[in-house]
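User: I am new to this structure and would like to go through it by question and answer. Please start with the contact between the chains.

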Amino acid sequence: MEIIEKIKTNKSIDNQTEIQKICLDKLQSSPLPNPRSEQWRLSNKSKLSNFLDYSVNENNSKFDIPYAKNSQSTIRLIIGENCQIKLIEKNYSIQQLSEDELQKYIKQQISFFNQNENWSDILNLSLSCKNNILGLKINGSKIPRIEIFSHASSNSLNAKTLIIFLEKNCNVELLQVNLGEDNSSLSQSTFFCLEENSSLNHGVVSYGVNKSNLLNSLNVIQQKNSEYNLGSLHFRFNYARFEIRVKQSEGNAKTNIKGMQITKKDEQISTYTKIDFDGPNGFLDQINKSLADDKSHAIFEGSIIVPKVAQKTDASQLSRNLLLSHLAQIDTKPQLEIIADDVKCKHGATISQLNEEELFYMRTRGITLTEASKLQLSSYFQEIISFIPVSKDRWDLLDKLLNEN
Amino acid sequence: MQSKMKESDPILEVKNLSASTDNLPILKGVSLTVYPGEIHAIMGRNGCGKSTLSKIIAGHPSYNITNGDIKFLGENINSLEPEERSQSGIFLGFQYPIEIPGVSNLEFLRVSTNARRKFLNKEELDTFDFEELVKEKLEIVKMDQAFLSRSVNQGFSGGEKKRNEILQMALLEPKIAILDETDSGLDIDALRIVASGIKRISNAQTGIILITHYQRLLDEIKPNYVHVMSDGQIIKTGESDLALELEKRGYEWTDNFIKET
């Protein structure tokens, strides 16, 4: 109940938006997620409670963007800071969703929410004020790369919401960066709607510093013949959850997901994915990698839902995990729920340590054990990093961050 | 020729070496001495301990030396780490070279070469200088520069992997090279390229140990000595004609030596 009081104290009922009121109402019935539910049973309760400890902050303090914009044509947006955009060019247009469009879409989404599954979204929409919601509709071709930043300030709980409609036949490359300062909590909810024949190459890079927390929820609806490619990386969080829900609403769509989480010290980072095939001929190729060191805990739970209507679905989900310390913990549970009888679905999980033979090979070439381990880890990262739409200069930054990590 | 070789100190001396893994004895008293300029061949059935011997000399952490010594250039190296052995001039060419996805071959070769150069008190090479050096060495194994931009051994054919091993040997300029079944999986042309590469790299100051099953590599590189291993021991040593005899009679012939022993 404490979080609700905090929200109410922060904002009187008269100042709350309709969406906030609806979500607060939902939050009232379950102020915390059910710790016995599949989605939350492994979540560290004291860390979740720490997430909610900070005071709600609707204002946005200045922060240093970790790298310079590499090209004038890149569109850079910071949620809560410079959300005003209206670009109508010859080949494309990027415009903000109107207040009505936003309300209508969010309300529609809320009607599908499941109290436990979407608890992070309910919390986000209870907290997110108008200034911290960015809604865009994009159409056309030759669209410049888009970068969207969300940021949580020290000693505060910030909520940011992103809603993007990709209209028909539109191809977009979008990098989303979520940054947490020391002792901060960021609630980020993202909603994408990919219309027919559209495609989105989406990168999510989230990292914090000491005692940063993150609840990152991503909801994607794909119409037929759309393609959604996601490359994600989460690291350096005291507590982070990345929830991915993709619905191929009519089937005949393609989803590729490559994600990675790195945990150290006593951090807990988890990824939950739910991929719904609501039509035939859907395609999914998913790999999730976890790397857990020290006393940390990495979690992956993935489910693929293939109802009777989703014949000829071709889905693959693989969880690969590296355990670097005997005190670290990895939980992984890829699962399939298949009703359709003509499908090609597979899933698997591996947990291993650094490959001794690879290390020995490198050492016989004069490379020290420490260097060989670093090389092996960077090779482990490579498959995921190369899938994130980032340019070389940002890759150098990531490389540096990963090495520091 | 032979007496001239032995005027100098040995490069490698393996003395009564016994080793085990998971408490299972694998080597049971192997002795082998290699002088500068010598080429030794080790033959034997699968599982007789040939590859294990090579890995133990290179310092594989999974094996425990239970008895005996390995001396390299007069120094006992039993407790040296694999990288220290490599830096000081021991090279192991792998039977199955490992693929390292995501690590560029060029960078891997540069880091390795610089580790050896640092040990030799030579200046470390930056990317540009290294590219010059590696281009020169690529010619030895008739490899295309395109191999450098690919990940280490990833997607390489069997022959390309073996040539990449010889390229590494050329760059590291070891004092002794142990080549574990470098000829396996090679067609005739690739075998010739690899053999010619080995011959070009070796000289009067280096030693070579060839581990092989087949005479065809020894037709290209004539060994000074041939050793036959069985059950973790060297059961017979002879000159190059011993390999021909083995080719003719098979390993059953060597079983008699064990009985005699």
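User: Which residue of chain B forms a salt bridge with A:Arg363?

Analyst: The model is a predicted one. Between chain A and chain B, the count is three salt bridges. In the one formed by A:Arg363, the closest N and O atoms are 2.7 Å apart, and the partner is B:Glu83.

User: Which element gives the largest share of the side of chain A that touches chain B?

Analyst: Two elements of chain A, α6 (356-363) and α7 (369-385), each give two or more residues to that side. The residues there divide into six nonpolar, five polar and four charged. The largest share, six residues, comes from α6(A).

User: Which three residues supply 40% of the area that chain A buries against chain B?

Analyst: In this interface, 15 residues of chain A are in contact with 30 residues of chain B. The area buried between the two chains is about 2,000 Å², with carbon and sulfur atoms giving 64% of it. On the chain A side, more than any other three residues, the 40% is supplied by A:Phe360, A:Tyr361 and A:Arg365.

User: What radius of gyration does chain A have, and why does it agree with a compact globule?

Analyst: Chain A has eight helices and 20 strands, and buried residues make up 59% of its 405 residues. Its C-alpha atoms fill a box of roughly 70 × 50 × 50 Å along the principal axes. A compact globule of 405 residues would have a radius of gyration near 22 Å, so chain A agrees with that, at 21 Å.

Definitions and conventions:
Residues numbered from 1 in each chain as written. Chains lettered and ligands numbered in written order. Predicted model: local features only at pLDDT ≥ 70, side-chain atom pairs only at ≥ 80, totals over all residues. Heavy atoms only, no water. Contact = heavy atoms within 4.5 Å. Buried area = accessible area lost by both parts, 1.4 Å probe. Salt bridge = Lys/Arg side-chain N within 4 Å of Asp/Glu carboxyl O. Helix = DSSP H or I, 4+ residues; strand = E, 2+ residues; numbered from the N terminus. Nonpolar A, V, L, I, M, F, W, Y, C, P; charged D, E, K, R; others polar. Rg over C-alpha atoms; globule rule 2.2 N^0.38 Å. Buried < 20%, exposed > 50% of the residue type's maximum accessible area, 1.4 Å probe, protein only.
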